[in-house]
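This report is meant for a reader who is meeting the structure for the first time.

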Amino acid sequence: MAKKSKKPVADDSAAEASQAPKPKKDAALASFLAPSALVICRNKHWRYISSFHGPWLQLPIEVLETLANANYYMPLPRPVDPAVFYDLVKIRQLVDGATDMAVRAANGVASSALSNSLLGSAPHQMQALGLGFGNTAGGAKLSPERRHRMREQATQKLSRAYHLDEIASSVATMQSTSTLENVAGLVLQRAPNDPDANYVHFFHEKIPSRQLAECTDLRVLDMIIAQRPSDCEPLRTRAIVRMFKDDYEGAAQDLTTALSVCRLNRLHKPYEGEAMQLERRSGRRRDNPPLDEKDQPSSTEVQLLFQRAGCYLTLACDHVEPALVRHSSTPAGEPTDKANGQGHANGNGTAEEGEGLSQGKPPQAGEPLPTKKQVESRKTVRLYAKRALRDYMEYLKQFHYSPNLPIEVSDDFSRQVNMATHRSKRYYGQSRSGAQDPNSPTGDAVGHTVYPLATLFTATPPADLPPYPSMDIVRATSATSPASAVETTSEVVTYHPLLTDALHSLLLCHTLVQTSTKELQRHAYMVARLARLADGYPVFQASRSPARADWIEVLRRAENWIELSTSWEALCAPAPLPVPPSAHNGSASSPNVSTLSITGPPTPTETDGQRQERLRHQAIIEALEDERVNDEASFKAAILARQKRAEAEVVSSPNAAAAATQAAPKRWAVDDGREYPILTERAEAVARWIRDAPAVSGTGGGKRKKKPAVKKVASADKDKMEPNNGGQPGLVPV
């Protein structure tokens with residue numbers, strides 16, 4: 001190529017800050033590079049970035065690794081998915097190491113010790129930010145070859161981080177110095193075919209904001225995939241880019257290939273809970289040693305399942321429009337209640353009328369017959385929705401739920417978090433010895449039941465779950481204080497950053513499959529039960545879910561056709577944290593104390609003007625981060641809708657926030673991440689499918705409900721079940 005020169009890298013600051021020559025692009029790209037356009041790194045366009053924000057970005061590496069080990073050795077269900085937790089630790093180590101090497105190469109510092117000794121000087125701080133000040137430390141300059149090798153090592157570390165999880169790695173690199181954005185480009189000047197450098201540069205390349213599809217060429221990823229056919233991660237990246245380009249069929253094909261490669265490369269490891277269960281049965285407990293990296297669980301398969309399920313769901317929604325007959329006699333602005341006739345499963349009929357029937361509109365006399373293309377499109381909608389449902393169920397199998405976990409277990413984890421974050425010396429003695437104590441809540445077998453999340457959505461769910469919704473949970477303002485009652489057990493679910501979105505996407509899939517109204521109502525209550533328990537403490541903060549916003553909009557437009565008892569916001573209101581007995585005894589290890597150790601001191605009371613300014617600022621920030629805001633009109637609508645909703649909540653319950661703060665510690669849940677009523681194409685397609693799609697004969701009948709082979713799943717996992725577990729399907733021994 002004419003633009004790629006063989007000139008050696010210069011030592012001056014201008015050469016250090018220069019980018020590598022860009023890959024070949026279309027000539028039309030020049031029109032996007034207007035002087036007024038905002039140019040940012042490509043990885044800042046990645047979806048679900050807000051789901052991976054949290055204290056893990058600021059916690060010291062030693063503390064983060066300690067928390068990951070403590071989380072892994074907790075009984076099921078663990079507070080956070082251990083695969084994601086260990087990925088966060090490794091990504092932080094890799095990004096911090098790459099940052100150190102990139103800054104040293106830019107400054108000409110040979111050792112990290114010398115680099116750390118300059119931390120007190122202002123010039124070094126400017127160098128760390130990539131501002132190009134010369135090296136003020138004495139000593140010999142590094143040769144260009146040595147700098148190149150250091151940049152190569154930094155690029156390899158970044159490449160490995162992006163292989164682990166490109167969303168979490170994108171968040172981590174955003175918090176680092178600007179030197180990382182250029183390191184891969186400098187390596188490509190000497191080695192243009194380096195796969196690691198090309199992979200990192202693909203994420204760090206500067207493109208116009210919100211124009212990823214127009215300014216991204218897949219040939220770089222094609223070259224990396226050809227060079228490393230045994231790596232599934234570049235296939236995952238190419239699939240995500242195809243989604244931005246609206247090539248969902250190609251994305252699904254890439255993800256299917258990536259899943260095959262991932263499962264082929266996966267080591268045959270025993271069931272991860274067997275070793276711990278064996279130790280509990282034998283009456284001994286390990287000293288919680290750090291888990292070797294080769295033994296740490298991987299999250300790659302879970303990422304691929306989630307992304308492919310999203311592809312299939314989008315494909316199903318894309319076929320809704322050609323599948324339905326547009327009635328010329330119905331005006332465009334006709335209210336939806338006229339389409340929901342009396343006695344229909346999705347109408348205003350009673351539950352008895354809707355039970356056993358599928359959603360959808362029965363054919364009426366005088367209605368035009370569907371064409372062959374429409375019939376095929378209807379089949380395609382259900383086919384893709386079933387595929388998405390299958391992948392979401394596989395995703396949910398990786399996480400667990402317990403209806404009766406002893407509160408002492410959660411209190412023990414909060415105590416360990418509190419000690420680790422305060423770097424208490426007692427943690428390494430008291431907590432570890434307490435783990436070996438037979439009286440410790442996690443030192444011996446705890447009598448609680450654990451289910452994989454997928455079991456909760458089978459045709460025959462477990463019968464020992466607490467009733468939900470109940471009146472004391474649905475009502476947000478209760479006369480009795482939650483702290484006044486002493487509880488011994490609580491419901492707990494394993495947290496994953498994408499869990500809330502997957503649960504609500506599951507409901508959208510059931511809607512497109514035309515699951516019976518009664519069964520869909522049961523699934524909706526189960527999703528609300530789990531969503532209110534989702535808590536990313538102590539590493540993830542609250543995040544928004546596009547699927548949750550779409551589901552809320554579908555419920556509004558379909559006028560609550562599944563007849564939920566109250567609003568979805570009330571059903572998913574974060575559950576109050578259970579108060580352990582130690583809190584009543586005046587112990588300092590209660591969850592609210594450990595929560596404050598991560599989040600900081602409580603905010604003082606604010607005036608009305610400060611509150612309005614805070615709500616406005618929060619609305620602007622959240623609107624800027626949302627992927628559905630793509631122009632000035634939607635940006636203003638997002639801000640206005642968020643402000644109105646926040647003010648309405650304050651007016652409706654002015655003392656609710658203060659009462660909740662005094663009553664119980666706050667849960668890290670979706671409570672702070674509000675959705676707003678901006679209609680998306682997916683929500684519009686699902687709402688129209690509910691209103692206009694014809695009912696399918698046989699869907700929702702008795703025989704159809706019994707078809708999912710729950711007994712086969714239980715027999716396949718028979719070796720993972722205890723003989724005395726009551727024979728309940730999907731039961732995990734604890």
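Helices, of at least four residues, and strands, of at least two, are DSSP runs that are numbered from the N terminus. Read in this way, Arg78 belongs to the loop that joins α3 (61-72) to α4 (82-107). Buried means under 20% relative accessible area, and Arg78, with a relative accessibility of 3%, therefore counts as buried.

**Confidence of the model**

The structure is a predicted model, and its confidence should be kept in mind while reading. The mean pLDDT of the protein is 74, with 61% of the residues reaching 70 or more. Over residues 424-445 the pLDDT is below 50, although the model gives this stretch 36 contacts beyond near neighbours in sequence. Residues 698-707 likewise have a pLDDT under 50, and for them the model has 15 contacts beyond four places in sequence.

**The sheet and the helix across it**

Three strands make up an open sheet in the order β4-β3-β5, and their pairing is antiparallel. Because β4 (451-452) and β5 (489-493) each have a single partner strand, they stand at the edges, and one side of each is left without a neighbour in the sheet. Strands of a sheet pair through backbone hydrogen bonds, in either a parallel or an antiparallel sense.

Between β3, which covers residues 400-406, and β5, the antiparallel pairing extends over 4 bridges. Tyr401 stands opposite Val493 of β5, while Leu405 has Ser490 of β5 as its bridge partner. Of the 5 residues of β5, 4 are buried, so this strand is largely enclosed by the rest of the structure.

Helix α19, made of residues 407-421, lies across β3 and β5 and runs at about 100 degrees to β3. Val417 has its place in helix α19, and with a relative accessible area of 0% this valine is buried. Val417 and Val63 are 354 residues apart in sequence, yet their C-alpha atoms are 8.9 Å apart in space.

**Aromatic rings**

A pair of aromatic rings is described by the distance of the centres and the angle of the planes. The count for this structure comes to 16 aromatic pairs. One of them joins Trp46 and Phe244, whose planes stand at 45 degrees with the ring centres 5.9 Å apart, so that the pair is tilted. This pair links distant parts of the chain, since Trp46 sits in the loop between β1 (39-41) and α3, whereas Phe244 belongs to helix α12 (residues 233-244), 198 residues apart. Phe202 and Phe203 form another aromatic pair, an edge-to-face one, with 5.9 Å from centre to centre and 85 degrees between the planes.

The table gives the accessibility of the residues in these two pairs.

| Residue | Relative accessible area | State |
|---|---|---|
| Trp46 | 4% | buried |
| Phe244 | 18% | buried |
| Phe202 | 3% | buried |
| Phe203 | 0% | buried |

Which residues do ring pairs link into a cluster? The cluster consists of Trp46, Tyr162, Tyr199, Phe202, Phe203 and Phe244. The tilted pair of Trp46 and Phe244 and the edge-to-face pair of Phe202 and Phe203 thus have their residues in this cluster.

Conventions: Residues numbered from 1 in each chain as written. Predicted model: local features only at pLDDT ≥ 70, side-chain atom pairs only at ≥ 80, totals over all residues. Heavy atoms only, no water. Pairing = 2+ DSSP bridges. Contact = heavy atoms within 4.5 Å. Axes fitted to C-alpha atoms, helices over the stretch in contact; angles between N-to-C directions. pLDDT = per-residue confidence, 0-100. Buried < 20%, exposed > 50% of the residue type's maximum accessible area, 1.4 Å probe, protein only. Phe/Tyr/Trp six-rings, centres within 6.5 Å; stacked < 30°, edge-to-face > 60°.
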